[in-house]
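Hi everyone, thanks for making time this morning. I'd like to walk you through a few spots in one structure, so let me put it on the screen.

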Amino acid sequence: MISSFYSIADVILRLDSDGLIKANGMLRKFAVSRTSADVTVRVFNTGSLPEKGEKLVYGDGRRSFYDNNGTYQMFCSYFDSALNDYVPYSCLIGSGAEYELYIKYKNGEIWDTMLLDALDFPNILLDFGAVIMHCSFIIKDGKAILFTADKQVGKSTQAALWEKYSGAEIINGDRAAVKLKGGELYAYGVPYCGSSDISENKSARIAAVVELSQSKNNAIYKLDEAAAFRCVLGKFSYNLNDMDKAVKAADMAALISRSKVYHLSCLPDESAVRLLEEEL
């Protein structure tokens with residue numbers, strides 16, 4: 001058995017396997033040398049998955065949650081175009097700090113980023129006070145700025161503009177973990193990033209969260225606490241059908257809403273960068 005350790009948002013994850021996990025490069029950036037962990041996952045590469053429990057709690061095609069006589073089960077699926085249907089490839093059993101993960105994939109391989117998806121890692125992080133937020137995460141002058149928006153609005157564009165015109169570093173093009181540390185809100189890089197292909201293992205205190213919208217003119221204003229709460233909670237990754245996780249996500253949204261959360265309607269050019277710089 002091989003044990004691998006990773007630190008994500010200061011949460012130590014241990015993966016125990018039979019050496020069948022392939023790394024794609026992102027997760028390796030988060031590897032650490034440890035002998036103890038906050039969360040331990042035993043990974044089984046198996047020819048079959050456990051039987052599904054009798055009670056379906058929630059399902060949406062890609063994921064389904066079952067109560068098997070009080071034991072939590074989460075099944076992940078991929079869409080098989082040949083079958084025109086979703087096919088289960090993993091089953092996660094456990095809670096808190098101990099999990100078993102069964103993998104049955106069509107080519108028999110296990111990749112590290114596949115594991116994070118199969119682990120439902122955003123919900124695991126919530127148990128340790130961290131929440132995954134859909135945003136582009138940059139660091140400028142040692143502080144984090146998070147750009148959040150609906151799809152295709154331009155959060156990656158604004159991050160790239162800050163890199164070009166203000167010397168900022170893009171840490172993640174699609175997600176960040178947010179956590180309270182020493183009484184301050186911090187953003188952390190995470191080892192998955194959607195289609196942006198930008199993922200770095202760095203963290204910084206959050207200077208601002210910026211909600212974006214497209215416009216023919218630049219304008220910025222600070223959101224009031226209620227609007228900020230709605231904005232950030234809607235960008236969090238968590239299981240809406242798990243009341244405990246929903247409460248933890250709402251608590252984090254309330255913390256962030258009391259900090260600097262702005263709405264920036266903007267053009268996709270340098271002028272938007274300068275306006276936000278001036279505001280901050």
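When I say that two residues touch, or are in contact, I mean heavy atoms within 4.5 Å. And please keep in mind that this is a predicted model.

Let's start with Lys245, which is found in helix α5, residues 243-257. What does Lys245 touch, if we don't count residues up to four places away in sequence? The list is Asn123, Leu126, Asp127, Tyr238 and Asn239. With Asp127 there is also a polar contact, side chain to side chain, at 3.4 Å. Is Lys245 buried or exposed? Its relative accessibility is 10%, and the cut-off for buried is under 20%, so Lys245 counts as buried.

Asp127 takes us on to Asp38. The two aspartates, Asp38 and Asp127, are 89 residues apart in sequence, while their C-alpha atoms are 10 Å apart in space. Asp38 is found in the loop between β3 (21-22) and β4 (39-45). Unlike a buried residue, which has under 20%, Asp38 has a relative accessible area of 30% and is therefore partly exposed. Leaving aside neighbours within four places in sequence, Asp38 is in contact with Asp10, Val11, Ile12, Ala97 and Phe128.

Now to some helix packing. Two packed helices are described by the angle between their axes and the distance between the axes. For α3 (residues 155-166) and α6 (residues 270-279), the angle is about 80° and the axes are 9 Å apart. Angles of 65 to 115 degrees count as roughly perpendicular, so that is how α3 and α6 lie to each other. On the α3 side, the contact is made by Gln158, Leu161, Trp162, Tyr165 and Ser166. From α6 come Glu270, Ala272, Val273, Arg274, Leu276 and Glu277. By type, the residues of this contact divide into six nonpolar, two polar and three charged.

Last topic, the aromatics. How many aromatic pairs does a search of the whole structure find? Seven. One of them joins Phe147 and Trp162: the ring centres are 6.3 Å apart and the planes are at 50°, so the pair is tilted. Phe147 is in strand β13 (residues 143-148) and Trp162 in helix α3, so this pair links distant parts of the chain, 15 residues apart. Both Phe147 and Trp162 are buried. Elsewhere, ring pairs link Tyr58, Phe65 and Tyr72 into a cluster.

That's my tour, and I'm happy to take questions!

Note on methods: Residues numbered from 1 in each chain as written. Predicted model: local features only at pLDDT ≥ 70, side-chain atom pairs only at ≥ 80, totals over all residues. Heavy atoms only, no water. Axes fitted to C-alpha atoms, helices over the stretch in contact; angles between N-to-C directions. Helix = DSSP H or I, 4+ residues; strand = E, 2+ residues; numbered from the N terminus. Parallel < 35°, antiparallel > 145°, perpendicular 65-115°, else oblique. Nonpolar A, V, L, I, M, F, W, Y, C, P; charged D, E, K, R; others polar. Buried < 20%, exposed > 50% of the residue type's maximum accessible area, 1.4 Å probe, protein only. Polar contact = N/O pair within 3.5 Å; in protein donor to acceptor, adjacent residues only side chain to side chain. Phe/Tyr/Trp six-rings, centres within 6.5 Å; stacked < 30°, edge-to-face > 60°.
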